[in-house]
Amino acid sequence: MKKLSTYVAGAAVGLMGTMAQAADDVTLQLKWVTQAQFAGYYVAQDKGFYEEEDLNVTIKPGGPDIAPTQVLAGGGADVAVEWMPAALAAREKGLPMVNIAQPFKSSGMMLTCRKDAGIETTDDFKGKTLGVWFFGNEFPFLSWMNKLELPTEGGEDGVTVLKQGFNVDPLLQNQAACVSTMTYNEYWQVIDAGLTPDDLNVFKYEEQGVATLEDGLYALEENLADPAFEEKMVRFVRASMKGWKYAEQNPDEAAEIVLDNDASGAQTEEHQKRMMGEVAKLTAGSNGALDEADYERTVQSLLSGGSDPVITAEPSGAWTHAITDKALN
């Protein structure tokens, strides 16, 4: 009888072990390196929100040589964090990326300008050199300049575009009057380098009416056609948004969780806590569902990008509420 009990107990343990291994795998590709910009996903993992949804999530950091669209196209990830301009451009070129959720409600992109370069208003851009990120990040800028009727080929009546690296050196070294920054990251690099807010004027894309959607979650259309994959994404989005809301409410703890996951050791506690505070302002107001008005604004901005717009026609099928409708209800 004792042997039978031992056998039954062992079988039960074995069965539980099998059940534990049955969690569905999901690979998430981030747009950039491990930092508080992606805190919601690390929080969801750390707090067991993914595990509660029977998911085994692998979070892959990005970097300067990693394009989320390419990783998604190559099957290296099930879902990716990407800015909508890059996603819509990829879709028009044949990669059917679909926005399945939009954790970021607002844009953090802005131009940070030196007052001593003579920049007080957008009228002062004329004749100046402006630092701009490329690799898909230039499209909102080009749309903005088109709106201001400022040519981007240089000259007294236009602006000179300096292809900016992922740093703020051109501003610090007076090579540009303004540089591209994010509210949660590069702006603070300028401050940490010795300039003060009183030395600067900032122009937020959100306030200029030319902001495009950032940090959405994207999957491939063909994968979403599989009911099993769709159901897995429902669970992933539900857990991820739980992580984001926890991060908003507990920013310091969220920053610590990010630091625990930073394999590079490059991030500092001060910077990550400051970043999380700023990122929380951008995710506030979003339950994860894409706002159609925000989408339309993004599309119109990209269509009006001057002589070389990022997209040439209104996209079709570029987003869905199917995932968030099920995840949030």
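## Disulfide

The count of disulfides comes to one. The model is a predicted one. The bond joins C113 to C178, with an S to S distance of 2.1 Å. A disulfide is a covalent bond between the sulfur atoms of two cysteines.

Which hand does the disulfide of C113 and C178 have? The torsion about its S-S bond is about 110 degrees, so the disulfide is right-handed. C113 sits in strand β5, residues 109-114. C178 sits in strand β8, residues 178-182. The pair therefore ties together parts that are 65 residues apart in sequence.

## Domain layout

The domain assignment divides the protein chain into domain 1 and domain 2. Domain 1 takes residues 23-104 + 211-326. Domain 2 takes residues 107-206. Their centres, taken over C-alpha atoms, are separated by 26 Å. Domain 1 gives 23 residues to the contact, and domain 2 gives 19.

## Interface area

The size of an interface is often given as the accessible area lost when the parts come together. Between domain 1 and domain 2 the buried area is about 1,900 Å². Carbon and sulfur atoms give 59% of this area.

Which residues of domain 1 lose the most area to domain 2? They are W83, A211 and R274. Together these residues account for 26% of what the domain 1 side buries.

## Polar and charged links

Two salt bridges are found across the interface of domain 1 and domain 2. Eight residue pairs across this interface are in polar contact, with both residues at pLDDT 80 or more.

R274 also forms a salt bridge, with D192 as its partner. The closest N and O atoms of R274 and D192 are 2.7 Å apart.

## Elements on the domain 1 side

Two or more residues each come from α13 (269-283) and α14 (292-303) on the side of domain 1 that touches domain 2. The largest share of that side comes from α13, with six residues.

How do the residues of that side of domain 1 divide by type? There are 10 nonpolar, eight polar and five charged residues.

## The loop at G155

G155 is found in the loop between α6 (139-147) and β7 (160-163). G155 touches G127 and T160, leaving out residues up to four places away in sequence.

How far apart in space are G155 and L195? Their C-alpha atoms are 28 Å apart. In sequence, G155 and L195 are 40 residues apart.

How values were computed:
Residues numbered from 1 in each chain as written. Predicted model: local features only at pLDDT ≥ 70, side-chain atom pairs only at ≥ 80, totals over all residues. Heavy atoms only, no water. Domains from an automatic or database assignment. Contact = heavy atoms within 4.5 Å. Buried area = accessible area lost by both parts, 1.4 Å probe. Salt bridge = Lys/Arg side-chain N within 4 Å of Asp/Glu carboxyl O. Polar contact = N/O pair within 3.5 Å; in protein donor to acceptor, adjacent residues only side chain to side chain. Helix = DSSP H or I, 4+ residues; strand = E, 2+ residues; numbered from the N terminus. Nonpolar A, V, L, I, M, F, W, Y, C, P; charged D, E, K, R; others polar. Disulfide = S-S within 2.5 Å.
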